[in-house]
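Subject: Structure handover and notes

Hello,

Here is the structure you are taking over. Please open it beside this email and read the two together.

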Amino acid sequence: MPYFGSGLLLIIIWSLLWKGLALWHSAERSEPVWFVVLLVVNTAGILELIYLFGILGLKFNQLFVVHRK
């Protein structure tokens, strides 16, 4: 049973990390539809990864860079 708790904690941390990054980038790019979808839909980071790397085409080293218009 302790493995279940540890695994669940890792999934929560993983999901929150990617959700936070995806929400930050969608807000910074003024994309309200993506922001709401990413906020409401919980996919353990899968949708967030698709948005960040597939839709936006970001590289890993660009995840924490502020993009000013």
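Predicted model: local features only at pLDDT ≥ 70, side-chain atom pairs only at ≥ 80, totals over all residues.

Residues are numbered from 1 along each chain as its sequence is written, and side-chain values use heavy atoms, with hydrogens and water left out.

Overall layout

The protein has three helices and zero strands, and along the sequence its pattern reads α-α-α. Helices (H or I, at least four residues) and strands (E, at least two) are DSSP runs, numbered from the N terminus. The C-alpha trace spans about 50 × 25 × 15 Å along the principal axes.

The accessible surface comes to about 4,900 Å², and 75% of that belongs to carbon and sulfur atoms. Accessible areas come from the Shrake-Rupley method with a 1.4 Å probe; for residues, only the protein chains shown count as cover. Of the 69 residues, 26% count as buried. Buried means under 20% relative accessible area, exposed means over 50%, and partly exposed is in between (1.4 Å probe, protein chains only).

A contact means heavy atoms within 4.5 Å. Among contacts between residues at least 6 apart in sequence, 60% join residues at least 24 apart.

The salt bridge

How many salt bridges does a search of the whole structure find? It finds one. The term stands for a side-chain nitrogen of Lys or Arg within 4 Å of a carboxyl oxygen of Asp or Glu. Here the partners are Glu48 and Lys19, whose closest N and O atoms are 2.8 Å apart. The pair links distant parts of the chain, since Glu48 is in helix α3 (residues 46–55) and Lys19 is in helix α1 (residues 2–28), 29 residues apart.

Are the two partners buried or exposed? Glu48 counts as buried because its relative accessibility is 0%. Lys19 has a relative accessible area of 9%, so Lys19 is buried too.

How α2 and α3 pack

Helix α2 (residues 32–40) packs against α3 at an angle of about 150°, with the axes 10 Å apart. The axes are lines fitted to C-alpha atoms, for helices over the stretch in contact, and angles run from 0 to 180 degrees between N-to-C directions. That angle makes α2 roughly antiparallel to α3. Angles under 35 degrees count as roughly parallel, over 145 as roughly antiparallel, 65 to 115 as roughly perpendicular, and the rest as oblique.

Which residues make this contact? From α2 they are Trp34, Val37 and Leu38, and from α3 they are Leu47, Glu48, Tyr51 and Ile55. By type, the residues of the contact of α2 with α3 divide into six nonpolar, no polar and one charged. In this count Ala, Val, Leu, Ile, Met, Phe, Trp, Tyr, Cys and Pro are nonpolar, Asp, Glu, Lys and Arg are charged, and the others, Gly among them, are polar.

The loops

Ser30 is in the loop between α1 and α2. Ser30 has a positive phi of about 55° although it is not a glycine.

The loop between α2 and α3 holds Ala44, and Val41 also has its place in the loop between α2 and α3. Phi of Ala44 is near 55°, a positive value in a residue other than glycine. Ala44 counts as partly exposed because its relative accessibility is 36%. Val41 has a relative accessible area of 34%, so Val41 is partly exposed.

Val41 touches Lys19, Leu47 and Glu48, not counting residues up to four places away in sequence. The C-alpha atoms of Val41 and Lys19 are separated by 9.9 Å, and the two residues are 22 apart along the chain.

Other residues to look at

Ile11 is in helix α1 and, at 48% relative accessibility, counts as partly exposed. Ile11 and Ala44 are 33 residues apart along the chain, with 6.7 Å between their C-alpha atoms.

Ala27 also lies in helix α1, and its relative accessibility of 46% makes it partly exposed. Ala27 is 21 residues from Glu48 in sequence and 13 Å from it in space, C-alpha to C-alpha.

Ile50 is in helix α3 and counts as partly exposed at 46% relative accessibility. The C-alpha atoms of Ile50 and Ala22 are separated by 9.5 Å, and the residues are 28 apart along the chain.

Regards
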